[in-house]
Every structure is written in C-alpha cells, then in structure tokens.
Amino acid sequence: MNDLTPNRAFIALMQAARPFLHRAIALSLFVGTFSPPASASDTIRKIQESKTIVLAFMGTVDNLSPFAMIEPGGDVGGYTIEICRKIVQGIRQELRMPNLKVQYFPVNASTRFNALTDNRADLECSVSTNNTDRRKKVAFTIPHFFTSVRMLVRADSNIKDWRDLRNKRIVTVKNTSMIDVINKRSNIRYLGLAIAELDSDQDCLRMLEQGAADAFIMDEVLLHGARESTANPEKLAIRGAPLSIEPYAIMLRKDDPEFKKMVDRQMARLAISGEIFRLYNRWFMQPMGPDGRSMNMPMSYILRDSLRYPTDKITN
C-alpha cells in the first residue's frame, strides 16, 4: 500500500469506534436563536472593546499542512484556519460588528496554551488534541478532525510494528499528547524505549534521517506532511497499527461560558449546514499548494458521524 493513502487499519479502527461514539454524542448541542447576555463575558467584552479577535496558530515552524500554514503569498491558511474564519463570521453577526478585525498570533506546541491563558489570543486554530489533561487548563469546542498515532521510520528499517521498537530510540514533539500514548504502549509491551521529546517536527525528522533515532511517533496525518516535507520522502515509511483516536478541536479559554457557547454555536452551524464538509473536501480531497498535490484523504467515519450530532463531549 502506498504510504500516502489512508491506512486501512485506521479506517477499521474508526469503524469499530462508531458505536462508542454514538453513545458519547447522545447529548448534542442545542442550536438556537442568539440573544445577547445581560453581562458580557470577559472575552466578548475584550473583543467588543478592541474590535479585534486574535487567532493563535502553529505552522510557522513545523509543517502542519493542510491544517495551518503560511501560504506562498504570505497569508495564513489551512483547514482549521478557515474553520476559525467561519466562526469569526458568525461572531460578527451575533455581536453586530461587521468590521470586527482578525489578528493572527503565531505560537508553537509549547506556547499555544499560554497564549490563551495569558489573554494574548482568543482561539487556537491548529491541531490541538482534546484530552483530559488539557481540559484542566483550557476549553475545546466541537472536534473538526480525528486521527490516530503511528510511527515514521526509515523505509529500509526492520521496524514494522510496535513490538519491533523494543529498546529502540524514539523521538516525538514536546508538549503534545504523544508522550502519554508512547509510555502506555511501552509499559504494556515492556518495550524499554529511550524517548526524547524535541522542539519541532523538523528536529525529529533530522534525528530520524541521520540515524540518531529509530522512529518518530506522532499523529498519522501530521506524519504524512512531515514525510512529504523531506527531500527524499520515499526513504521514509509510516508504519504500525493505529493507536489512540486523537480528536482535534479549536481551543479557547476555560471558565468563559458565554464565549464558549458562542463558539460552539458557530461550530454546530458549520456542521448542520454542511459547510464543514465543503471545507474538508477543499483541503483534503482537492489539489492544493504550489505543487497542486491532493492528500486524497476521505473524511473518516468517526468524524462524519460526530458531525451529525455536534458536541464537545469527548470520552477520554
């Protein structure tokens, strides 16, 4: 199978998860007519006073195509960025602020959380996984993508699956959800992994290509982009049965219920109207970028099913 096509094992995992997902999304979000709150929340007040909404995004260092990136002309673009722009359009209408401006705030895997908690950004629009630990410090809206964890290895490597990693050198990006997934797998299989958390995808790729690491573990969809960013992508291969489902969702400040309700309404509207399906098709099924290449990655069953009953409730 070509490494650039959707992995059959991942699709099987998505199908197996469908019954559990349906139970998780039984409580869907109510989408109704907006009436302004008597007392605006802090974020809403901030937006009204500054006449600006700030969107944090990764993608200036790592290759996060097609989610968030700097396009050839210098504009910020991508699937998640477009979703955030649609959310802003809805906020403009709800607040009756047609001239509401958008400001982009570059972050990385480490600084994205502080950008929200320090009030420097209002939404984080990249590839952040909604999990239990992160919900202790930030909030998430409805997921816009689901992926799974796999590994990138050299194509001539004997590493075919997770059991082949015993006593191997592993790299991943720090401040992501990967380390817990890796440690759990290592403990279950007694793999004895030597794990290094690095600052960026590029650092991980460099160590892998130079032979200083045996495998780079990360979300599968990001591994595709990382592999394609190298000079010789055919020398790298994505392997291993998919691990843990990773729901990507836009992050926002915690304990700001009025603003979260506003963002959730816009995400639900995108799902119910079908707009998010058109955005997905544009970024994952159509030729994009200067080389006109398509990822050719149809929407997974778990994402399609979740958008039927849009909710921010995640079962992990």
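Is the crossing of helices H3 and H9 left-handed or right-handed? In this predicted model, the crossing of H3 and H9 is right-handed. The axes of the two helices come within 10 Å and cross at roughly 155 degrees. That angle is over 145 degrees, and H3 is therefore roughly antiparallel to H9. On the H3 side, the contact is made by Tyr79, Glu82, Ile83 and Lys86. On the H9 side, Glu275, Ile276, Leu279, Tyr280, Arg282, Trp283 and Phe284 take part.

The overall make-up of the protein gives the setting for this helix pair. The secondary structure comes to 10 helices and 12 strands. The protein has 316 residues, and buried residues make up 51% of them. Contacts between residues at least 6 apart in sequence were also examined. Of these, 78% join residues at least 24 apart.

Arg282 pairs with Glu82, and their closest N and O atoms are 2.0 Å apart. Arg282 lies in helix H9, residues 275-284, and Glu82 in helix H3, residues 79-95, so the bridge ties together parts that are 200 residues apart in sequence. Arg282 counts as partly exposed because its relative accessibility is 37%. Glu82 has a relative accessible area of 12% and is therefore buried. The other bridge joins the side chains of Lys86 and Glu275, with an N to O distance of 3.4 Å. This pair also links distant parts of the chain, with Lys86 in helix H3 and Glu275 in helix H9, 189 residues apart. Both Lys86 and Glu275 are buried. Glu82, Lys86, Glu275 and Arg282 are also among the residues that make the contact between the helices.

Helix H3 carries a covalent link as well. The structure holds 1 disulfide. It joins Cys84 to Cys125, with an S to S distance of 2.0 Å. Cys84 lies in helix H3. Cys125 lies in the loop between strand E5 (123-124) and strand E6 (138-140). The two cysteines are 41 residues apart, and the pair links distant parts of the chain. The torsion about the S-S bond is about -100 degrees, so the disulfide is left-handed. Both Cys84 and Cys125 are buried.

Salt bridges also occur elsewhere in the model. The structure holds 18 of them. One of these is formed by Asp203 and Arg206, whose closest N and O atoms are 2.9 Å apart. Both residues lie in helix H6, residues 201-209. They are 3 residues apart, about one turn of the helix. An α-helix has 3.6 residues a turn, so residues three or four places apart point the same way. Asp203 is partly exposed, with a relative accessible area of 24%. Arg206 is partly exposed too, at 40%. Cys204, by contrast, has a relative accessibility of 0% and counts as buried. A further group comprises Lys260, Asp264, Asp312 and Lys313, which are linked in a network of salt bridges.

How many of the 9 residues of helix H7 are buried? The count is 8, so this helix, residues 220-228, is largely enclosed by the rest of the structure. The buried residues of H7 are Glu220, Val221, Leu222, Leu223, His224, Gly225, Ala226 and Arg227.

The peptide bond from Ser65 to Pro66 is cis, with omega near 5 degrees. Pro66 lies in the loop between strand E1 (52-57) and strand E2 (69-70). Asn167 has a positive phi of about 65 degrees although it is not a glycine. Its place is in the loop between strand E7 (145-154) and strand E8 (169-173). Asn167 counts as exposed, with a relative accessibility of 60%. Asp255 is not a glycine either, yet its phi is positive, at about 60 degrees. Asp255 is found in the loop between strand E12 (251-253) and helix H8 (257-273). A relative accessible area of 71% makes Asp255 exposed.

How values were computed. Residues are numbered from 1 along each chain as its sequence is written. This is a predicted model: local features need pLDDT of at least 70, side-chain atom pairs count only at pLDDT 80 or more; totals for chains, interfaces and linings use all residues. Side-chain values use heavy atoms; hydrogens and water are left out. A salt bridge is a side-chain nitrogen of Lys or Arg within 4 Å of a carboxyl oxygen of Asp or Glu. Helices (H or I, at least four residues) and strands (E, at least two) are DSSP runs, numbered from the N terminus. Buried means under 20% relative accessible area, exposed over 50%, partly exposed in between (1.4 Å probe, protein chains only). A disulfide is a pair of cysteine sulfur atoms within 2.5 Å. Axes are lines fitted to C-alpha atoms, for helices over the stretch in contact, and angles run from 0 to 180 degrees between N-to-C directions. Angles under 35 degrees count as roughly parallel, over 145 as roughly antiparallel, 65 to 115 as roughly perpendicular and the rest as oblique. A crossing is left-handed if the near helix is turned anticlockwise from the far one by less than a right angle, and right-handed if clockwise. Contact means heavy atoms within 4.5 Å.
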